[in-house]
Amino acid sequence: MAVSKGTSHNTAVILASPEFASWSEDQGFMSQLLRTLHQRQRQGHVLTTSGPDESHTDVLFGVVDGIADPYHLHGKPHQGLSILYGGTASLLPSLWDQGKVTGTGDPDKASAVEFTEHEAQITDGQDCRPHVTLPLANTLFQNGRRSTLFASRWSTPSDAGRQMELQRMEEKSHQKVCCWRGMKGLTTRIPLMPLAPPRKIVAGLGNIVRQIEIDGVVSPASKELEMLIPQIFEKRASRAGELDQAPSPIGVWAWVLPARVMERAHFVPEFRTYQTNQNAEEWRLDFDARDSYEGLLNNECRIHKILSGGGGWGAKQGLLSLDPETTYAAPEQDDIDMFIKAFEERNSASEPSSKGIVTPGLYIMFCAEPQHVINDDNDSFSSVDPAGSRLTLAVAPRNEDLPQGFEGAGAKNEKTEVDVVSGYFGAASSTGLYLNNDPLLSFTTKIDAPYSTVTWDWTPPNPYE
């Protein structure tokens, strides 16, 4: 549970794991939960209700794929609730605006919650705050809905002995959550090991890469992957007994880099790649690259999962298909827009854009999921100020993608009692996260490598500074 710092707290954002999906419409449970929160407020914690406009409490309740592990980068998402407090105007802007309270019209598209920083972070009228969109869980088998996201308003009785009563409830398709004032910049972690150095794209259109340049030689796009992936499988099979894990399918991603980024050496460091460090531990290659990945995101480089490719002959030899989705919009529209943009740019003399479109002149760097070996060096979150707060959004691994025998960090020490973590708000999505580092650039990328995280920290100001 975490508190959005401010003077008034009559609002709660509650994200629950799928086991608790039905609780969103359980008035008895919600009334008791909100009453408990008010009891904490009376003890000096949260949910102040002293003003004339605070005779009610607004609640946003959504169902996610799990609660992000507060301690481990590779921890399995937990069951439970994540609760964030604040004032309605600052925490949940436009909560009751007409036209923004109806459920999603696309039965195949889940509702989503968009997280960003407090509006006080806007300077000179320009919104440069990073935004992260978290798609919600599929709750079809829990409550019959494709996804679950409700806004509700509850009366706040002055008599502490009375129950809170539901006044209004609306289904939503999207809601923005503005967090703490004075938050530090977000930290992004994408656990992937580089396979080979960035290669120049020679031929490609839309989301299809056809040819790349390898050491000055034009080659099929999948050539290096067709050599490296079998080697990784062979090495992992030889260590299956040592690690007590059976080999599993390997997810492969590709960074797409603009030429201007490649021309600036300090933007693209010398990555330690699997190609030249095959004796190195996979987790170490991933660990060494994490800070550099964050630099790529800050310079408009996108990451895409490779959906299919390899093999073939003639004009189709070695084609690679990248996931075209970069924003959380209707997939078919995203495909159309991407193709039109690529077609317009294919004969352009200007530098190709890096907005998720594969065009000649861009660069591509292949990466893969490292084998999940858990240790203190590669698995622990950095510590957070005990007086501060942390918000973590994570990519939950799909059950079918987990290696056989892999339980995740802390899985053998699971507790049966309720564990309350103060100063922490976390949620995980198996669909992925959609990161917009700078809205002024209209740059968004999808991050869906399992165990990826986006984290904000808030530390109280030093009164002596």
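Two strands count as paired if DSSP finds at least two bridges between them. Strands (E, at least two residues) and helices (H or I, at least four) are DSSP runs, numbered from the N terminus.

This is a predicted model, in which local features need pLDDT of at least 70 and side-chain atom pairs count only at pLDDT 80 or more, while totals for chains, interfaces and linings use all residues. Residues are numbered from 1 along each chain as its sequence is written, and side-chain values use heavy atoms, without hydrogens and water.

**Sheet.** V132 has L435 in β21 as its bridge partner. Strands β6 and β21 run antiparallel and are joined by three bridges. Both belong to an open, mixed sheet of five strands, ordered β9-β5-β6-β21-β22. At its edges lie β9 and β22, each pairing on one side only.

| Strand | Residues |
|---|---|
| β9 | 174-178 |
| β6 | 131-135 |
| β21 | 433-438 |
| β22 | 443-447 |

**Cores.** A nonpolar core is a set of buried (under 20% relative accessible area, 1.4 Å probe, protein chains only) Ala, Val, Leu, Ile, Met, Phe, Trp, Tyr and Cys residues joined through side-chain atoms within 4.5 Å. The largest has 48 residues, and F115 and V177 are among those with the most contacts inside it. Helix α7 (residues 282-297) gives the most to this core, with four residues. A second, separate core of 26 residues includes I214, L225, I250 and V358.

**Contacts of F115.** Contact means heavy atoms within 4.5 Å. Beyond its neighbours within four places in sequence, F115 touches residues including V132, V177 and W456.

Conventions. Buried means under 20% relative accessible area, exposed over 50%, partly exposed in between (1.4 Å probe, protein chains only).
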